[in-house]
Amino acid sequence: MADLKIGGLHKYYGSLHVVKGIDLEIPEGEFTVLVGQSGCGKSTLLRTIAGLETADKGSIEIGGQRVNDLPPKDRDIAMVFQNYALYPYMRIYDNIAFGLRARKTPASEIDGKVKAAAKMLAIEHLLDRYPRQLSGGQLQRVAIGRAVVRNARLYLFDEPLSNLDAQLREEMRGEIKRLHQELGKTMIYVTHDQIEAMTMADRIVLLREGVIEQQGAPLDLYERPATRYVAGFLGSPTMNFIPAVIILNGMKLSVRLGDGTALEIPSSRSGGLGPWQGKPLLLGVRPEHLSRATGELRPGAATCDTKVDLVQPTGSRTYATLNVGGTQVVAEMQAHDVSAPGERVTLAIDMNRMILVDTATDKVISS
Ligand SMILES: Nc1ncnc2c1ncn2[C@@H]1O[C@H](COP(=O)(O)OP(=O)(O)OP(=O)(O)O)[C@@H](O)[C@H]1O
Ligand SMILES: [Mg+2]
């Protein structure tokens, strides 16, 4: 059964249409990540689910019950906010216990719950301190603790790691994921960070200007994006897009680029592409599917001779910027595959993994 079911949801702020018809079903126990650019309506959607905003149209059901007209406190939801305001004059213990006391939980039970949550989040030694005596990462954990002590049906997180440095973020990502495994609760996590979405989600829901652009398992979206937007949103460095047309080269279909380079499409990928011959398309190739051709080529690889323009080593890999068919592309190479700008290389393009986008609709046409 869907734990959360949203149907035809709309939300306006005055004349600003922010949520534009969302249909979403989230099964019990799933970790869903709601991702999208700043301003696309993520917080608004989350706040509407929590009841902090009213839905203008559509229905919200939690555990089979319509909750549109229920106040937030009766929706069985615990939420961690984007700016995790703690009560500055209360000790950490009392901050965590606050929600339980407000719900008239017996004192004996409160103590057990606060301590168990503190243990899980490794903040037991901080319970007697005040918020001003904690670091950003510790405060973040207190805010999460305050939500998880509540035995809620649905947990909502609105960018709970946005104020942390990169290392702490990584650590906390793991901790939240572990928390989900331990509690087995339904959680919705909002972020605009695609890496966070990929690493944490059972399912990603990609929001664009108030509508769902695509949803699915992280690798599904990554490997089978439905639109150019999704293809470009997930992945870092981002997917390369090169203007192209499909041509018939002897008996086989090829992709021809602006400078005349022809890249053969493997037969496993050419089904249904015949009618697209001659139409303006974009060839989409991820940086990790471009490599330096050495020795024998792998099946499905096409090659192109080019010159390195820019070299950016990251340590484990090296990003090389090169020109393919008149477009600058980024290739993610082995650390020592290229050394300096100006170097001539033969690039191998894994055509098994490419996508083709119709420029008229921005939809992916290859399957
Ligand atoms: N209370 C409000 N009154 C009027 N407009 C609002 C209000 N809250 C949000 N908006 C507008 O609604 C749109 C969506 O805002 P929202 O906060 O949902 O975006 P978001 O996806 O959470 O972005 P971010 O990643 O920056 O947090 C924005 O254009 C924003 O300016
Ligand atoms: Mg937001």
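Reader: Which residues are around ligand 1?

Author: In this predicted model, the residues around ligand 1 are Tyr13, Leu16, Val18, Gly36, Ser38, Gly39, Cys40, Gly41, Lys42, Ser43, Thr44 and His192. A residue is placed in this group because its C-beta atom lies within 6 Å of the ligand.

Reader: Which elements each supply at least two residues of this shell, and which gives the most?

Author: Strand E2 (16-27) and helix H1 (42-50) each supply at least two. H1 gives the most, with 3 residues.

Reader: How many residues of the shell around ligand 1 are nonpolar, polar and charged?

Author: The shell divides into 4 nonpolar, 7 polar and 1 charged. Gly counts as polar in this division.

Reader: How do you know that the length of helix H5 is close to the expected one?

Author: Helix H5 (residues 166-183) has 18 residues, and 26 Å separate its first C-alpha from its last. The expected span is 1.5 Å times one less than the number of residues, and for H5 this is 26 Å. The two values are therefore close.

Reader: Why are the buried residues of H5 said to be on the same side?

Author: The buried residues of H5 are Met172, Ile176 and Leu179. They cover an arc of only 55° around the axis, and therefore lie on the same side of H5. These residues pack against helix H3 (107-120), helix H4 (136-148) and helix H6 (194-200). The face turned away from the buried side carries the exposed residues Ala166, Gln167, Gly174, Arg178 and Gln181.

Reader: What follows H5?

Author: Glycine 184 follows H5, and its phi is positive, near 60°.

Reader: What makes aspartate 362 partly exposed?

Author: Partly exposed residues fall between the limits for exposed, 12 or fewer, and buried, 20 or more. Aspartate 362 has 15 C-beta neighbours inside 10 Å, and therefore counts as partly exposed. Aspartate 362 is in the segment after strand E20 (355-358). Its phi is also positive, near 65°, in a residue other than glycine.

Reader: What is the omega of the cis peptide bond between serine 236 and proline 237?

Author: Omega is about -5° for the cis bond that joins serine 236 and proline 237. Most peptide bonds are trans. Proline 237 lies in the loop between helix H8 (228-233) and strand E11 (240-249).

Reader: Why is strand E8 called mostly covered?

Author: In strand E8 (residues 186-191), 6 of its 6 residues are buried. Thr186, Ile188 and Val190 point one way, while Met187, Tyr189 and Thr191 point the other way. In a regular strand the side chains alternate between the two faces of the sheet.

Reader: How do you know that strands E3 and E7 pair with E8?

Author: Two strands pair if there are at least two bridges between them. Strand E3 (residues 31-35) is joined to E8 by 5 bridges, and strand E7 (residues 154-158) is likewise joined to E8 by 5 bridges. Each therefore pairs with E8. E3 runs parallel to E8, and E7 runs parallel to E8. Phenylalanine 31 has methionine 187 as its bridge partner in E8, and phenylalanine 157 stands opposite tyrosine 189.

Key. Residues numbered from 1 in each chain as written. Chains lettered and ligands numbered in written order. Predicted model: local features only at pLDDT ≥ 70, side-chain atom pairs only at ≥ 80, totals over all residues. Helix = DSSP H or I, 4+ residues; strand = E, 2+ residues; numbered from the N terminus. Arc of directions from axis to C-beta. Contact = placed C-beta atoms within 7 Å.
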